[in-house]
There are 4 protein chains.
Amino acid sequence: MTDVAIVGAPGYAGVELTRLLLGHPELRPTMLTSLSETGRSVGEVYPALASYTEAVYVEPDPEVIVASANVVFLAVPHTAAMGIAPSLIAEGLVVIDASADFRFKDPEVYEEWYGLTHTAPELLGEAVYGLPELNRDALLGQTRLVACPGCYPTASLLAAAPAVEAGMVSCDRVIVDAKSGISGAGRTPDAGSHFPAVNESIAPYKVTAHRHTPEIAQGLSLLAGKAVRALLTPHLVPMTRGLLATVYLELAKQASASEAIALYRERYSEEPFITVHEEGQMPATSEVRGSNRAHIGVAVDDDAGMLIVACAIDNLVKGTSGQAIQCANIVLGLDETAGLDHPVPVV
Amino acid sequence: MTDVAIVGAPGYAGVELTRLLLGHPELRPTMLTSLSETGRSVGEVYPALASYTEAVYVEPDPEVIVASANVVFLAVPHTAAMGIAPSLIAEGLVVIDASADFRFKDPEVYEEWYGLTHTAPELLGEAVYGLPELNRDALLGQTRLVACPGCYPTASLLAAAPAVEAGMVSCDRVIVDAKSGISGAGRTPDAGSHFPAVNESIAPYKVTAHRHTPEIAQGLSLLAGKAVRALLTPHLVPMTRGLLATVYLELAKQASASEAIALYRERYSEEPFITVHEEGQMPATSEVRGSNRAHIGVAVDDDAGMLIVACAIDNLVKGTSGQAIQCANIVLGLDETAGLDHPVPVV
Amino acid sequence: MTDVAIVGAPGYAGVELTRLLLGHPELRPTMLTSLSETGRSVGEVYPALASYTEAVYVEPDPEVIVASANVVFLAVPHTAAMGIAPSLIAEGLVVIDASADFRFKDPEVYEEWYGLTHTAPELLGEAVYGLPELNRDALLGQTRLVACPGCYPTASLLAAAPAVEAGMVSCDRVIVDAKSGISGAGRTPDAGSHFPAVNESIAPYKVTAHRHTPEIAQGLSLLAGKAVRALLTPHLVPMTRGLLATVYLELAKQASASEAIALYRERYSEEPFITVHEEGQMPATSEVRGSNRAHIGVAVDDDAGMLIVACAIDNLVKGTSGQAIQCANIVLGLDETAGLDHPVPVV
Amino acid sequence: MTDVAIVGAPGYAGVELTRLLLGHPELRPTMLTSLSETGRSVGEVYPALASYTEAVYVEPDPEVIVASANVVFLAVPHTAAMGIAPSLIAEGLVVIDASADFRFKDPEVYEEWYGLTHTAPELLGEAVYGLPELNRDALLGQTRLVACPGCYPTASLLAAAPAVEAGMVSCDRVIVDAKSGISGAGRTPDAGSHFPAVNESIAPYKVTAHRHTPEIAQGLSLLAGKAVRALLTPHLVPMTRGLLATVYLELAKQASASEAIALYRERYSEEPFITVHEEGQMPATSEVRGSNRAHIGVAVDDDAGMLIVACAIDNLVKGTSGQAIQCANIVLGLDETAGLDHPVPVV
């Protein structure tokens, strides 16, 4: 068993890490830190987990973390991650960061979209973007720092990658119309997650301004070998979990749905967490609720010359915490699916 | 007071017509027909309306309808509408049809998408497409037959029209990513509206194959004065009411969001049911729940050269029954907003 | 038209008053006050109402209120109401208070349950408890101050009253198992109304400790002519609106369901807002969503010797703002149903 | 590994059994039968399970079942279970029945409430009521047939048992006010599970007439050693999973909440799936979603002399399929928690 710490453990990313790690055969959460819930037990804060652990949230003291764990998951907001990561890495820990701090190769992009100065730009070079399906080889090396993707980029890149890599689409411009459950907004109550305000309603938000936009563009550009313009329109959906990215790509030349599906199935044939649906079948987010899987549906609109790909994930699992564990499994040389292969409820 | 009949009254379109007409100052529902609920009172079937009417559903006998009403709303499935409309029109009634039967100018388009032969093609020429904001003048004549738009076309065309008319967008290809509440599937229980199956989930459906696609294309082509390729991706959202169309249009030349908003506000300045939001504000379907209004938000993605317009409606009101009443008001020379201007709950 | 002010207008009780008054034929909201939204328009805060009013929230200055309105609705938290009511009453205004401050005849009960000293106990004697179905005569006099009931007491008392008044039940102990939508918690986001925390879950809260308990006991005791012990178990239900009280009463002697229903129908035969369902039919909160009505179902368990009565209301309408308007209509000599009789959506 | 068959596998009870058994270390689902989905794979019917099994639904042929499995779970409607169970038992299989057919010791009670003649009354004597917390010893013998409890009885009996056994409550009459998610109505779409009809609404149903009533009475009477009158009022809640029973019991003599909680904790101290909350803490169904646990909260209303106990379970797990597996584990001599101890998501 490898001891792991979770920094920022009572947030939704942190508690989902906790939940998944409590069922993991090789990783053991030995330290759960929190600024706001210090001294309370996991079970007090989340009665659903009371019977699985007696752990108590403690203050995030880097020295104690170093003494307690070999791997650290950072489930803290951006800026907090780049504050603590350097010292942990310096002490030899593997850091799996769920925040945005180390996702961009170019600190200027980060600084433009996040509106602040990066304080650890020297780590950007070695940080590995933790989307295993596109970047597994990079994770296999002497990785010390994994920058886990955002939830929208995860679904968007998984949806677009096979077509972009294969040159099936021109990808001058990629449109992502994305829909997320409300847990994506986190655990802190505010107007955007107030039940009567968001229930029974769907709405776009942060149109042209969501910070996951440049991350999608960076990922697509790497795949295409040229600059890709990405357009992301996120929507808030009245459900707790689930994220669906509907991606619109211009076909470079005519292709049928079955050809496109064959391409996707070939590309993902070895992937343990990806399912490509049959022609005519589209994914529902309920199919992947609680799961680390991504389900993908592919269609072609001949008239419009467009490839339409929908990718459904659970924003808290494949979109955040499950993927972080998948990355840790790879980095640590464990079975990539360890702790992530439990069958999930169908309703 | 003008006496009106509703054919197919217990379905969701029919009962929403009933509800709205019970609050209408000039129209009075005097006959409610049904095949399945004959003999039951409205209040038995819908206890919410028990205190507003003692009406009983009767069989849809055309002779009795003609004797009882001057205006008929058809809230029946396609094919049923074209079966009954000719005889009612021949007897001098005004027919407001909520089905798809008379929406297409070209019967071949109808026959291709609906998979059957049109039995009353002679009426297609005089049927007026009932989207008042785009087609009010046509409704003002000696209209005998109004073909009310589908819910997706209503939101999509309202979202696209100002930009298309003004040539602000090139519109070779218009992408509509649309999201609908589950009442759009109607009153009959099936797997697609079974609570545990659709709750807590979002999914695309009928991708590239939804029958509202050619209707959107027809509407856009008329506006553009050329053939427009429309791409519609509908999604099912876990809420009862509400429809959001997020429309992606390629800018013909650079334009700012404020310029686009100014154009939209000018275009809709006299419209009683349209609100164009400020820059940075996007519509939520909750804003129009129970209302005949359409709320529109406009954004520009400079990088991608795209205009993004979101239009929120209530699928059962502006998307179906409210719009049918709005059309009837116009045809009958009443105040266009009669019966449709009651303030709605904000949550 | 009578000019009315709403104090605390942007809260859920206040905005529901605003919505209903905008459709009221005799009352006109001329002043909307707020501490938190001063200077913003109603439409900015609630886009759903943007097209119905251009009103702007202003500071709650008693002098300006007195100069602007003849009737004042207080939609503020308890303590705030007893702070402002005396001066408004002294100036001759009619005050309709939606808070708890004037509901109790005995200030000690208030002080025990609300944990503070009553600052205007001299008004408790003349305050009229605003549940018209039980207390209409008292409202008809020279009423200056109406204390509107809480949402749970409204449903509970309407459910129990006919049986208690008639002596059909012994009522030593009345059990109310109540279920409320989340809008009952108000407009301010907190953990108890955070979408992911309350969605897909039902839970009791404040068991044996909810402040509406003594209000139910007071009401039942008045009806019974003796002290009644009331037991209230409120539950939070994952829906925005709606409140259902399931009330368990011990039959004083054997009675059939049809006898009980006959009693209820007789008792409420003249009531404009009450429906008593047929034997075997129970009310759903969806039947009264957006409506001022109360729907009641009555059953008898012979074996257990119990009368079971379920009463469904909309917590924001009959449970709060609609009832406040109903009371104002009575006090002002208007049609009791004015502004409250618009047909509501069935789904 | 022990081979097990599931009869009626694509229903909600069946698929939840499938899901749980796919994660079970000792039981292996080798045969999944269905009348309606014969020939389709599990993954076709439920894409969420596609990656976990390639099993295909087959016709329910008893001979093939006997040849394929040692244990059979019956997830079929009542009457179907008593049709097939005798032959399976005769062939030496262990039968775990999730239906109502073998729950009653007295066939007359069954016949009265279910309205038909029992065709295998000879098995009622040996059928063991499968509520391990109350009846574990009986399961440990040479059990051939387990009659798993209904979902409402499971929560109700767990809530009442400690107090009833200890004589803390008089229990002449036990009131159960119960609330269930909509998956309890099963997989077949009908009006009672149609999204727009049940969403945003709570309602009682089958008041005084629910078939779980005599089952609760039977269980309580056994515990009390005398005939107990049980009153069950079930409600439908707009959520997919979860069941909460709020149980009202008359205290035999004064007791404090802390005394009652101490009694409950003592009674359930060795139970692997029961949590008794602290004073002031009540269970939410979200705490046990996807889990086989039952969370219990206990309160005392001194004034009314009542003990109020709320028990939250997942209706499809502890209320049906999880409990069936728990029973099978006991009967087969496996670890009672095998396959049922995976940590569940907190939101």
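In chain D, residue D:A5 stands opposite D:M31, which belongs to strand 2 of that chain. The model is a predicted one, in which local features need pLDDT of at least 70 and side-chain atom pairs count only at pLDDT 80 or more, while totals for chains, interfaces and linings use all residues. Residues are numbered from 1 along each chain as its sequence is written, chains are lettered from A and ligands numbered from 1 in the order in which they are written, and side-chain values use heavy atoms, with hydrogens and water left out.

**The sheet of chain D**

Strand 1 (residues 2-7) of chain D pairs with strand 2 of chain D in the parallel sense over six bridges; strands are DSSP runs of E with at least two residues, helices are runs of H or I with at least four, and both are numbered from the N terminus. Two strands are taken to pair if DSSP finds at least two bridges between them. These strands belong to an open sheet of six strands in chain D, with the order 2-1-3-4-6-5 and parallel pairing. Strand 2 (27-33) and strand 5 (128-129) of chain D stand at the edges with a single partner strand each, so one side of each is left without a neighbour in the sheet.

**Two interfaces compared**

A salt bridge is a side-chain nitrogen of Lys or Arg within 4 Å of a carboxyl oxygen of Asp or Glu. A polar contact is a pair of N or O atoms within 3.5 Å, where within protein one must be able to donate a hydrogen and the other to accept it, and residues adjacent in sequence count only if both atoms are side-chain atoms.

| Interface | Residues in contact | Buried area | Salt bridges |
|---|---|---|---|
| Chain A and chain B | 45 residues of chain A, 45 residues of chain B | about 3,500 Å² | four salt bridges |
| Chain B and chain C | 30 residues of chain B, 30 residues of chain C | about 2,800 Å² | zero salt bridges |

**Chain A with chain B**

Carbon and sulfur atoms give 61% of the area buried between chain A and chain B, and A:R173, A:E200 and A:I202 supply 18% of the area that chain A buries there, more than any other three residues. In one salt bridge the side chains of B:R173 and A:E250 meet at 3.1 Å, N to O. Polar contacts join 26 residue pairs, both at pLDDT 80 or more, between chain A and chain B.

Chain A can be laid on chain B with an RMSD of 0.0 Å by a turn of 180° and a shift of 0.0 Å along the axis, and the two copies are thus related as by a two-fold rotation axis. Such superpositions are made by least squares on the C-alpha atoms of residues with pLDDT of at least 70 in both copies.

**Chain B with chain C**

Of the area buried between chain B and chain C, 67% is on carbon and sulfur atoms, and nine residue pairs are in polar contact, both at pLDDT 80 or more. Helix 1 (residues 12-22) of chain B gives five residues, the largest share of the side of chain B that touches chain C. 100% of the interface residues of chain B are also interface residues in chain C, so the copies meet through the same surface.

Methods
Contact means heavy atoms within 4.5 Å. Buried area is the accessible area (1.4 Å probe) that two parts lose on being put together, summed over both.
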